Amino acid sequence: MGWPFIGETISFFKPHRSDSIGTFLQQRVSRYGKVFMSNLCGGKAIVSCDQELNMFILQNEGKLFTSDYPKAMHDILGEYSLLLATGEIHRKLKNVIISFINLTKSKPEFLLCAENLSISMLESWKNCREIEFHKEVKMFTMSVMVNQLLSIKPEDPARRYVLQDFLTYMKGFVSLPVPLPGTAYTNAIKARKRLSTRVMGMIKQREHEEQEMKKGLREEDFLDVIMSNEDLNYEEKVSIVLDILLGGFETSATLLSLVVYFLAKSPNVLQKLKEEHESIRAKKGDEELLNWEDYQNMEFTQRVMSEALRCGNIVKTVHRKATHDIKFKEYVIPKGWKVFPIFTAVHLDPSLHENPYEFNPMRWTDKGKMNKKTTAFGGGVRVCPGGELGKLQIAFFLHHLVLSYRWKIKSDEMPIAHPYVEFKRGMLLEIDPTT
């Protein structure tokens with residue numbers, strides 16, 4: 001069970017390759033099996049590397065289990081974050097976010113924005129020999145999201161300030177909660193306050209515009225939709241904006257980087273992907289933009305993204321707590337114990353996936369069957385609502401990337417779980433235009 005109070009927390013969260021389960025889990029699973037006890041985040045815990053138990057935990061959210069993130073994350077994310085909210089508040093906030101996803105994903109303006117920003121970024125690389133890919137695509141996904149959500153244009157200086165604050169915000173998630181000046185934890189809390197103040201200022205300004213009858217001078221965006229929801233207070237509105245930005249920017253950029261990483265190591269897969277996009281491009285006129293139908297025809301691209309999620313593991317685990325004494329098969333989970341379902345262990349389980357460490361998109365031919373063996377977007381009432389929106393941005397970017405460039409990664413490059421995924425060298429790519 002480790003040291004008093006801190007238990008095995010430091011070992012459990014120690015950075016490791018995200019395409020592996022890490023030394024901590026390897027040692028304990030080999031010794032105790034797929035389900036074992038530990039002391040994590042200040043309390044007794046059950047760690048599950050078992051697919052059936054993981055699904056049981058996710059599907060019984062609000063009945064037998066509840067969200068249980070450390071206080072430090074509450075301080076950083078805020079009271080109304082979708083990740084932390086429970087019960088009726090969670091349902092209300094999630095419904096608003098789902099409405100944003102449904103309104104946005106097939107909207108011509110969103111598709112146009114995602115594609116134009118993809119083309120613009122790739123054009124800016126024309127005279128470069130090397131690029132920091134992960135950093136670049138964070139700017140791309142942030143630009144798409146702030147445009148659709150807040151009408152912040154790529155040329156607006158606010159875009160860069162928002163990105164910088166979000167990067168600081170992310171570092172605070174995995175830092176030690178030391179409330180001293182200059183620590184990552186303190187900086188993250190300050191960054192969230194700056195982001196909240198910025199969004200609150202936009203809401204107040206728009207309310208003033210409505211009073212002055214000036215709203216018609218600009219196009220409506222989703223912030224207007226959120227503002228029109230009378231069931232939400234100011235803090236909830238701000239939190240929804242930050243949740244959508246965080247999910248749409250961080251996870252989408254990480255998945256895109258993982259796809260490019262695995263493609264660089266899988267030339268046969270890259271060639272097959274390129275052929276799919278050449279076929280789509282051949283049916284379109286010169287400089288004709290992509291549409292929703294083109295996205296639906298990117299079947300192999302979908303498999304590549306799904307396999308990158310399985311192999312790369314953007315989310316290692318979630319934090320839950322048992323609200324009752326629970327018996328599942330031969331396991332007993334006492335009331336009040338923390339529970340950690342490990343997604344990475346299931347994604348790399350050789351009893352579920354043949355050659356689990358091989359990047360093989362063809363295993364996704366039967367998507368329904370594969371989805372039962374993976375939890376890349378979580379499950380139950382907390383399943384990530386924005387997965388499709390992120391994949392759409394990535395598919396459009398990949399379309400132009402594979403048709404415009406060849407690339408190589410450094411031999412020692414790897415994705416590292418902190419637990420959020422970063423890259424050892426920031427995904428430094430050597431690039432070469434195809435024409």
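Asp294 touches Ile280, Lys284 and Leu289, leaving out residues up to four places away in sequence; contact here means heavy atoms within 4.5 Å. Asp294 sits in helix α13 (residues 292-296), where helices (H or I, at least four residues) and strands (E, at least two) are DSSP runs numbered from the N terminus. With a relative accessible area of 10%, Asp294 is buried; buried means under 20% relative accessible area, exposed over 50%, and partly exposed in between (1.4 Å probe, protein chains only).

This is a predicted model, so local features need pLDDT of at least 70 and side-chain atom pairs count only at pLDDT 80 or more, while totals for chains, interfaces and linings use all residues. Residues are numbered from 1 along each chain as its sequence is written, and side-chain values use heavy atoms, with hydrogens and water left out.

**Nonpolar cores**

- A nonpolar core is a set of buried Ala, Val, Leu, Ile, Met, Phe, Trp, Tyr and Cys residues joined through side-chain atoms within 4.5 Å.
- The largest one has 106 residues, and the members touching the most other members are Trp125, Phe133, Phe166, Phe397 and Leu401.
- The top contributor to this core is helix α11 (residues 234-264), which supplies 17 residues.
- There is also a second, separate core of 13 residues, with Phe12, Val47, Ile342 and Ala345 among them.
- As background, nonpolar side chains tend to be buried together in soluble globular proteins.
- Setting aside neighbours within four places in sequence, Phe166 is in contact with Met142, Leu195, Leu242, Leu245, Leu246 and Phe249.

**How α7 and α11 pack**

- Two packed helices are described by the angle between their axes and the distance between the axes.
- For α7 and α11, the angle is about 145° and the axes are 8 Å apart; axes are lines fitted to C-alpha atoms, for helices over the stretch in contact, and angles run from 0 to 180 degrees between N-to-C directions.
- On the α7 side, the residues making the contact include Phe133, Phe140, Met142, Met145 and Leu149.
- On the α11 side, they include Val241, Leu245, Gly248, Phe249 and Val260.
- The α7/α11 crossing is right-handed; that is the clockwise case, while a crossing is left-handed if the near helix is turned anticlockwise from the far one by less than a right angle.

**Cysteines**

- Searching the whole structure turns up zero disulfides, a disulfide being a pair of cysteine sulfur atoms within 2.5 Å.
- Cys49 is buried, at 3% relative accessibility.
- Cys113 is buried as well, with a relative accessible area of 10%.
- Cys384 carries the UniProt annotation "binding site", from an unreviewed entry; UniProt positions are given in the numbering used here, feature names are shortened, and annotations may be inferred rather than shown by experiment.
- Cys384 is in the loop between α16 (367-371) and α17 (387-404), and its 38% relative accessibility makes it partly exposed.

**Positive phi angles**

- Most residues other than glycine have a negative phi.
- Cys41 is not a glycine, yet has a positive phi of about 55°.
- Cys41 belongs to the loop between β2 (35-40) and β3 (43-48) and is partly exposed, with a relative accessible area of 24%.
- Ser151, also a residue other than glycine, has a positive phi near 60°.
- Ser151 is in the loop between α7 (133-150) and α8 (158-173) and counts as partly exposed at 27% relative accessibility.

**Sequence separation and spatial distance**

- Leu82 and Ile240 are 158 residues apart along the chain, but their C-alpha atoms are separated by 7.6 Å.
- Leu82 is in the loop between α4 (71-77) and α5 (87-104), and is buried at 13% relative accessibility.
- Gly336 and Cys311 are 25 residues apart in sequence and 32 Å apart in space, C-alpha to C-alpha.
- Gly336 lies in the loop between β8 (331-333) and β9 (338-341), is partly exposed at 43% relative accessibility, and touches Lys321 and Ala322, not counting residues up to four places away in sequence.
- Ser118 and Ala417 are 299 residues apart along the chain, with 27 Å between their C-alpha atoms.
- Ser118 is in helix α6 (residues 108-124) and is buried, at 0% relative accessibility.
- Ser118 is in contact with Phe140, Phe396 and Phe397, leaving aside neighbours within four places in sequence.
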